[in-house]
Amino acid sequence: MSEVRSAALAEQFEDLDQQHEASSLGMWVFLATEIMFFGGLFAGYSVYRGLYFPGFDAGSALLNVKVGALNTALLLCSSLTMALGVRAATLGKRRELATFLVLTILLGLTFVGIKLGVEWHHDYLEHLAPGINFAYEGPNARAVELFFVFYFFMTGVHALHMVVGVSILAVLLWMTFRGRFGPERYNPVEMAGLYWHFVDIIWIFLYPLLYLIGAHH
Amino acid sequence: MSTTAVAPTTGVNYLNAQYGIRSWLLTTDHKRIALLYLGSVTFFFLIGGAAAVLMRLHLIEPQGALLEPATYNKMFSMHGIIMVFFFLIPSIPAVMGNFLVPMMVGARDLAFPRLNLLSWYVYIVGGLFTLYAVVAGGVDTGWTFYTPLSTTYANGNVMAAALGVFITGFSSILTGLNFVVTIHKMRAPGLTWFRLPLFLWAIYATSIIMILGTPVLAITLLLVALERTFHVGIFDPALGGDPILFQHLFWFYSHPAVYIMILPSMGVVSELVTCFSRKRIFGYSFVAFSSVAIAVISFLVWGHHMFVSGQSVYAGLVFSALSFAVAIPSAIKVFNWTATLYKGSVSYQAPMLYALGFIGLFTMGGLTGLFLASLATDIHLHDTYFVIAHFHYIMVGGALMGYLGGLHFWWPKMTGRLYPDGWARFSALVIFIGFNLTFFPQYILGYLGMPRRYAVYPEEFQVLNVMSSAGASILAVGYLIPLVYFIWSIRYGPPAGPNPWGAKGLEWETPSPPPTENFEEVPVVEEEAYAYGEKEAHVV
Ligand code: HEM
Ligand SMILES: [Cu+2]
């Protein structure tokens, strides 16, 4: 091969298009595994919700719908800023990209802060943490406990994904300042965007499943 | 390496391009990573094999000859966990897949070389956790980790073992991801989907299962860990959980996982049968699509492991019917391989002997699967030695035979050396005989009602058990012979030349061992796979 290879082109690829297509496909495949991962949890949740509906209903009523809704709104906004960031990256607008990355990171951190610092903390004080201090007086106590097992586990795994996402964005921000992205090389931003939207979508399912079971009362 | 032993025909290749331990541990070359995997899966195979030897020695006497009953339980658990998760699942994909996928598509490497190296490290870390569980006193849950045994009653090492399996799962996911992307995006010019070697179709189907199945196992094991750590009832009925849910989730992965183990072997056999019959494969597209069909249907049959678990009869009916359906694509393959042999100019070199062994033994294993997939007979056969014989016919008689066949076929490519063909044929024969002597009696034992996973048995089963143990010792010798001559050949084997078998396929058009970048220039593909007999291109 005599033609000049772009510095952004990894050795195993022939050209930038191929590299770009490969990394997008890789990301989508990865997201497919994530769907199956959460899918196992959703399946377990559905089974027990069917078996123990009254308990799940009662458990859900103990969550704070408003705080959950606020968090949902924050995440949706963060998806918007992320999408704008990707656009800025494709256009090679570095300052704009940095701004949107910072905004996305802040929204993400606020979400996690509210989730853990406000909601989990409150649930803990209310003795709703299974295996640690769970104490619930009332009918279906076992099922309510099971609801909280799923609540903590699902939101916990989701929060972990958020933390990973924020860390990735932080790295991207650093790379942006180092001038690593340009109109030819924005792949990592685009991939991080896909991941971020995916984590948001998971929440879009978690929110109604966990918070809104009893909303019709 | 002594200077005289350097193959004269080749210059710089992937083996001698760099020296030193660092150049191996930090390599991103798919061929070197394949060899790292080869070493590590062989290591785990030997450990798992040692456990099997102890079990078979123990079972020579009805009261048990060797081990405490509790130790026996730990032996079969360790054997199962190591053989399934640390040997058979990674074996062909991670060793031959890694080596061959880029070469067969005509690329310089996989799409994500660093991810590939990472997957090896992930595998090793998972392996260390599991080894720790073994050394710390073992687990006795079986490879299936059934709840509530695993979450409430078993000892604490179950956490380390489950964590090991959990971690290794990510190594399969990453490997599968790399293969799918490489096969989609990095094929050489002219290499259309229907010109791909059938090995790649099989690896592709396997990767799909790895990608979609493994995460479900991961989440299931996490739930087990959660239940164990916090004593909350997810699966333990005493705490309000549902143990059947565990079985559903476990088999949702683990049935497809049995196809992770067999599909790659089927791919290898397609390569071997065509090469050593000097014929195109009979019905290329049937063989190709049957791999995909197996991958898809395999996700829909998991309930056949739970016929007697209390799942609904209607579910049982559906699972039974679907299990019969999944046997069809497997049968198509067997049919097409035999049709390929028909009127071929068949030569019985060592790889081909393994391939033929595969066809026969896999057929036996598959057909007995149908006995188990029938609701009524399974009530009698479930959890007996019949099941053990069924899956060993497929996993050892089938998958492992295919693995060895592939290793014998591509060894000259991987190392540039030939091994002694006479010994190789001899070992194939020893393995075939030893295998049948070990496992055929187990069909009979199971049919007569001997349950699996017991350390003692009634006197009248002794003859068959002794036969089985005798066979196992022959089998063990059969596996050790190749180990010896493969290692011997690295140093003393005669140089292989680029294409010792006169085989078709891009991997044979480059020197053995191949250069780091695989091909001097990007190959262009102009013919179908297996264009044997068109014109005899290479004469050895
Ligand atoms: C031809 C299609 C197949 C059918 C219809 C089939 C059917 C079955 C059935 C019904 C069982 C459950 C028996 C019981 O527990 O009572 C079973 C067990 C098993 N099969 Fe198959 N099978 C097939 C292919 C395979 C393949 C390809 C493999 C492996 C590569 C395999 C490995 C296993 C294993 C490991 C078990 C036992 C799992 C355990 O309980 O530990 N099977 N099979
Ligand atoms: Cu199965």
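A salt bridge is a side-chain nitrogen of Lys or Arg within 4 Å of a carboxyl oxygen of Asp or Glu. Keep that in mind for several stops on this tour.

This is a predicted model, in which local features need pLDDT of at least 70, side-chain atom pairs count only at pLDDT 80 or more, and totals for chains, interfaces and linings use all residues. Residues are numbered from 1 along each chain as its sequence is written, chains are lettered from A and ligands numbered from 1 in the order in which they are written, and side-chain values use heavy atoms, with hydrogens and water left out.

**Stop 1: a salt bridge in chain B**

Select B:Arg425 and B:Asp421. Their side chains meet in a salt bridge, 2.7 Å from N to O. Both residues sit in helix α14 (residues 421-448) of chain B; they are four residues apart, so about one helical turn separates them. Helices here are DSSP runs (H or I, at least four residues), numbered from the N terminus.

The cut-offs: buried is under 20% relative accessible area, exposed is over 50%, and partly exposed lies in between (1.4 Å probe, protein chains only).

**Stop 2: a salt bridge in chain A**

Now select A:Lys115 and A:Glu119. Here the side chains form a salt bridge of 2.9 Å, N to O. Helix α4 (residues 94-125) of chain A holds both, four residues apart, about one turn of the helix. A:Lys115 counts as buried because its relative accessibility is 1%. A:Glu119 is buried as well, with 5%. Over all chains, the structure holds seven salt bridges.

**Stop 3: a threonine in chain A**

Go to A:Thr72, in helix α3 (residues 65-91) of chain A. With 11% relative accessibility, A:Thr72 counts as buried. Look for a polar atom of its side chain: the backbone oxygen of A:Gly68 lies 2.8 Å from that atom.

What does A:Thr72 contact, leaving aside its neighbours within four places in sequence? Select A:Trp203, A:Ile204 and A:Tyr207. Contact means heavy atoms within 4.5 Å.

**Stop 4: where chain B meets chain A**

Show both chains. The contact takes 36 residues from chain B and 33 residues from chain A. Together the chains bury about 2,900 Å², 75% of it on carbon and sulfur atoms. Buried area is the accessible area (1.4 Å probe) that two parts lose on being put together, summed over both.

Select B:Arg108, B:Lys185 and B:Ile219. In chain B, these lose the most area to chain A, together 22% of what that side buries.

Between the two chains there are two salt bridges. There are also 10 residue pairs in polar contact, both residues at pLDDT 80 or more. A polar contact is a pair of N or O atoms within 3.5 Å; within protein, one must be able to donate a hydrogen and the other to accept it, and residues adjacent in sequence count only if both atoms are side-chain atoms.

Which elements give two or more residues to the side of chain B that touches chain A? They are α6 (157-185), α7 (198-230) and α8 of chain B. α7(B) gives the most, with 10 residues. That side of chain B divides into 28 nonpolar, four polar and four charged residues.

**Stop 5: the pair that crosses**

Zoom in on B:Arg108 and A:Glu14. Their side chains meet in a salt bridge (3.0 Å, N to O). The pair runs from B:Arg108, in the loop between α3 and α4 of chain B, to A:Glu14, in the segment before α1 (16-51) of chain A. B:Arg108 counts as buried because its relative accessibility is 16%. A:Glu14 is partly exposed, at 32%.

**Stop 6: ligand 1**

Finish at ligand 1. Of the 20 residues around ligand 1, B:Val258, B:Asp378, B:His382, B:His390 and B:Arg452 come nearest. A residue is near if one of its heavy atoms lies within 4 Å.

- B:Trp143: an N or O atom of its side chain is 3.0 Å from an oxygen atom of ligand 1.
- B:His390: an N or O atom of its side chain is 2.9 Å from a nitrogen atom of ligand 1.
- B:Arg452: an N or O atom of its side chain is 2.8 Å from an oxygen atom of ligand 1.

Colour α8 (243-277), α11 (350-373) and α13 (385-415) of chain B, the elements that give two or more residues to the shell around ligand 1. α13(B) gives the most, with five residues. The shell divides into 11 nonpolar, seven polar and two charged residues. In these counts, Ala, Val, Leu, Ile, Met, Phe, Trp, Tyr, Cys and Pro are nonpolar, Asp, Glu, Lys and Arg are charged, and the others, Gly among them, are polar.
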